[in-house]
Amino acid sequence: MNELILRTVTAVVTFIIILFGIQLFFAGHYYPGGGFIAGLVTAGAIILLLLAFDIKTVRSMIPISYRTLIGIGLLFALGTGLGGLVFDVPFLTHAHGHVMLPLLGDVSLHTAVLFDLGVYFVVVGVTMTIIETIGEEE
Amino acid sequence: MTNAVIFPIAIPLTTAVILIFCVKSLKAQKVISLVSAGALIAAGAWLVRLVDHEGVQKLDVGNWPAPFGITLVSDMLSALLVLTTSVIALAGLLYSFYTIDSKQASMYYYVFFQFLIVGVNGAFSTGDIFNLFVFYEVMLMSSYALLVHGGTKIQLQETMKYMIINVFSSALFVIAVGYLYAVTGTLNMAHLAVRISGAENTAVLTVICLLFLIVFGLKGALFPFYVWMPGAYSAPPSAVLALFGGLLTKVGVYSILRTFSLIFRQDIGYTHTILAWLAMATIVLGVIGAVAYRDMRQIAIYNIVAAIGVMAFGISLMTKESLEGTIFYLLQDMVMKTALFFIVGAIAYVAGTNQLGRFSGLLGSYPLLGWAVFLTALALSGIPPFSGFIGKALIIRAAFEKGQLLFALIVLLSSLLVLYSVMKIFIQSCWGEARGYEQKRVAPLYVPIVALLALAVLYGIGAEFVRPYIAQAAATLADPSLYIESVLKE
């Protein structure tokens, strides 16, 4: 089958989807969105790559083990929780505040973003592990 | 220290995450798991000491005050169970080191092992009924993975059944929690207790209580919900089976113990009588199964069922003495059931079969294994001075005081049959001419077996030393106001 159209479109659309995922991720701070849905959208982008190309090509494009990605995500989430222990406040207590950054100006920062980043990695990792495990059989 | 309660959950969780990164190296996995198990025991012991000195410990996770946020609560019961779980985790690890090969280990065996401990310790420590569901799920997810680990046909088949029944009971759990929330408007267990003690419409609460009994009965293998267990537990390797036998069903018992003593006190005469009858049926069918089977694993599995019945009966009596007996029995049963499955696994390893009668005369070549079976039989059935005695004695005395002679007699008779069922393993596998087994190196398996048996014997002989802790745990259960005050203070 001639997959020229699919491949050409995928090359562009994948980036748009991933960017949309990142947009969703940061929107989740105040609006609907967040790590979980952003992770799913990103995984969707990678699955599109898998459909257009094959597992081998995609692996060479994204040379990370998804299982390790699950571990990294859990590490972020767990680390955010354990941070409370260092400051002798209850587990999973978050901190937030406004910081003046060059160029960006007044930015509100929240440690929950780190936790959410963990969720993002875990969701991408788990989804892709499942898809790959099913896909490899064929 | 603010965060004392979180350590029994955070330590295995951190270990599990670290282990994900080193699945390639069997040695690294073993070392990290071992260090973590040691730390876990230390954390458990420290928690027991802390509760003993400073009373019930609580932690408002994320600094959201109770009853709005999720609260972890450790009273003496929780702390003791967490400590016992840690000890079993260490024993289970030592047993796994020798029985789980490197191929299985590279497929995240030790990671799931740690997640299982996270779920169990979490369920023991949480003070929020929805959070209890969450930790149940953590525990169940890991148990699915461990049950199917190895991927033989029988494992796939039994895991499928096990998953279906557990997904069903989890759905029921959420439904029951939903009802409870709709009626009371809270999920915090201490807050629930306050709301329910002042509630007028108790009939609907009784219905919800029975729904919870079905859910916990399914997890804890109470009659008539234990039917999934003999099949599911016949599939996995011994190390996994021992963990399941020692921990999973006991979480169900703990949940009944906690909810029936803290939350659902509105109609004790009705709900707890139902529990008592279910307990009796569980005991009777459990011992019948244990006596009838000639498969060592099945005998051990039905022994779990019978023991669950005894504990459920202790809960149903709801006096301070019976609760004390239940806790005594629960702790020793966790240790002894794990040991029993270790021993059965070791025998099956040298004999190559679980069927009694195909081999005999183990005592000649494996004297330690033989006497371990003998000791287990005595301890399980409750021959003094071994560990099963005190718990059963307290429960039966409480039953006599309440005038429940028939039930007390059934518990007494069941002890005899339990003794017979395990002695059957001893006689048929250890006596007679040596045949049907091979000479294999089992010394590494002795370490966790002997350690657990020694612990159980010490627990029985040193009951005087343990009793203040148990009494303290029972006191908090019998008088929930202590628990409620320490959760809702401030």
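Modeller: In this predicted model, a strand is a DSSP run of E of at least two residues, and a helix is a run of H or I of at least four, numbered from the N terminus. By that rule 57–60 of chain B is strand E1 and 71–74 is strand E2, and Pro67(B) lies in the loop between them.

Biologist: What makes the bond between Ala66(B) and Pro67(B) a cis peptide bond?

Modeller: Its omega is about 0 degrees. The peptide bond from Pro384(B) to Pro385(B) is also cis, with omega near 5 degrees. Pro385(B) sits in the loop between helix H16 (367–381) and helix H17 (388–401) of chain B.

Biologist: What makes phi of Leu92(A) worth a remark?

Modeller: The angle is near 70 degrees, a positive value in a residue other than glycine. Leu92(A) belongs to the loop that runs from helix H4 (66–86) to strand E1 (96–101) of chain A.

Biologist: How do you know which residues of chain A carry the label "transmembrane region"?

Modeller: The label comes from an unreviewed UniProt entry, which gives residues 12–30, 36–53, 65–87 and 107–131 of chain A. Such annotations may be inferred rather than shown by experiment. In the model, residues 65–87 of chain A are 91% helix and 0% strand, with end C-alpha atoms 34 Å apart. For residues 107–131 of chain A the values are 80% helix, 16% strand and 37 Å.

Biologist: How do you know how many residues of chain A are in contact with chain B?

Modeller: Contact requires heavy atoms within 4.5 Å. On that test 16 residues of chain A meet 19 residues of chain B. The two chains bury about 1500 Å² between them, 76% of it on carbon and sulfur atoms.

Biologist: How many salt bridges are counted between chain A and chain B?

Modeller: The count is 0. A salt bridge needs a side-chain nitrogen of Lys or Arg within 4 Å of a carboxyl oxygen of Asp or Glu, so no such pair was counted between chain A and chain B.

Biologist: What makes a residue part of the lining of the second largest pocket?

Modeller: A lining residue has an atom within 4 Å of a pocket point. The second largest pocket has 18 of them, and Leu80(B), Leu83(B), Leu455(B), Tyr459(B) and Val466(B) lie nearest its centre. About 510 Å³ of space lies in this pocket. Helices of chain B that each supply at least two lining residues include H2 (26–54), H3 (76–99) and H14 (320–351).

Biologist: How do the lining residues of that pocket divide?

Modeller: There are 14 nonpolar, 2 polar and 2 charged. Tyr counts as nonpolar here.

How values were computed
Residues are numbered from 1 along each chain as its sequence is written. Chains are lettered from A and ligands numbered from 1 in the order in which they are written. Side-chain values use heavy atoms; hydrogens and water are left out. On a 1 Å grid over the protein atoms alone, a cavity is a set of points where a 1.4 Å probe fits but cannot get out, and a pocket is an open set with protein on both sides within 12 Å along at least five of seven lines; lining residues have an atom within 4 Å of a point. Grid points are joined across faces, edges and corners, and a volume is the space filled by probe spheres set on the points. Buried area is the accessible area (1.4 Å probe) that two parts lose on being put together, summed over both.
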